[in-house]
Amino acid sequence: MVFAVVILFVCLAYGNSVRFQDTDIHSEDLSKTVKDYFLCRHCGTDISPLSSLISIDSPAASDSRVSPLFGLKDVKVQTVKNSLHSQFEILTLSKTLCVGKGNWQTEDSWFPGYVWKVCVCAKCGRHIGWMFEPLHLATSDKIYPSKEGFYVVIISSIINELHADSLIVVPKHFSTIEDISD
């Protein structure tokens, strides 16, 4: 990812194309090859590729909509409440790098037939969502869901990598190579 950002910077600094190993790279082509990730909003650790988004309906959702989000056209966003009446806007993912904490819980599952446990960022330990496992497959020694399981992340706990990279500002005192050679 850092390489793509450097190439993008070079493209922006020297026009819309740059010569690299006898290949013309155009800045508009870079977005096609870059793989975007969800990051922990607190520490920036990779959580999951955007390609892991899946759509699993929760009958407990008070609202469900399809919205453009994270640079994608159709992202299913659901609003759910826990037993303490805290409300969360969530996404469902097939895989993440979050870590499960505690025991599998059977009560108050937003997805009937599934048990759940809290999921935290592997680096900073912030709560980013939950993992769900079919009841018949959940055992106390499992720390990750099986292939039949899935993850739910809280939208306000994540950010996508391409957006985060766009927030990086180049300091005004940074000189381009043209300025240095003069």
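Analyst: Start with burial. Buried means under 20% relative accessible area, exposed over 50%, and partly exposed in between (1.4 Å probe, protein chains only). This is a predicted model: local features need pLDDT of at least 70, side-chain atom pairs count only at pLDDT 80 or more, and totals for chains, interfaces and linings use all residues. Residues are numbered from 1 along each chain as its sequence is written, and side-chain values use heavy atoms, with hydrogens and water left out.

User: Is Cys-124 buried, partly exposed or exposed?

Analyst: Cys-124 has 30% relative accessibility, so this residue counts as partly exposed.

User: How do I read a disulfide?

Analyst: A disulfide is a covalent bond between the sulfur atoms of two cysteines. The rule here is a pair of cysteine sulfur atoms within 2.5 Å. That rule gives 1 disulfide. Cys-98 and Cys-119 form it, with sulfur atoms 1.4 Å apart. The S-S torsion is about 115 degrees, so the disulfide is right-handed. Strands (E, at least two residues) are DSSP runs, numbered from the N terminus. Cys-98 sits in the loop between E8 and E9, and Cys-119 in strand E10 (residues 114-120), so the pair ties together parts 21 residues apart in sequence. Cys-98 is buried at 1% relative accessibility, and Cys-119 is buried at 1% as well.

User: What surrounds Thr-96?

Analyst: Contact means heavy atoms within 4.5 Å. Leaving aside neighbours within four places in sequence, Thr-96 is in contact with Ile-47, Ser-48, Cys-119, Tyr-151 and Val-153. Thr-96 lies in the loop between strand E8 (87-93) and strand E9 (99-105). Its relative accessible area is 10%, so Thr-96 is buried. The Thr-96 side chain also reaches the backbone nitrogen of Cys-98 at 3.2 Å.

User: And pockets?

Analyst: Rolling a probe the size of a water molecule over the atoms shows where empty space is left. On a 1 Å grid over the protein atoms alone, using a 1.4 Å probe, a pocket is an open set of points with protein on both sides within 12 Å along at least five of seven lines; lining residues have an atom within 4 Å of a point.

User: Which residues line the second largest pocket?

Analyst: Among them are Asn-82, Phe-88, Asp-108, Trp-110, Trp-116 and Trp-130. Strand E11 (residues 127-134) gives the largest share of the lining, 3 residues.

Technical notes. Helix = DSSP H or I, 4+ residues; strand = E, 2+ residues; numbered from the N terminus. Polar contact = N/O pair within 3.5 Å; in protein donor to acceptor, adjacent residues only side chain to side chain.
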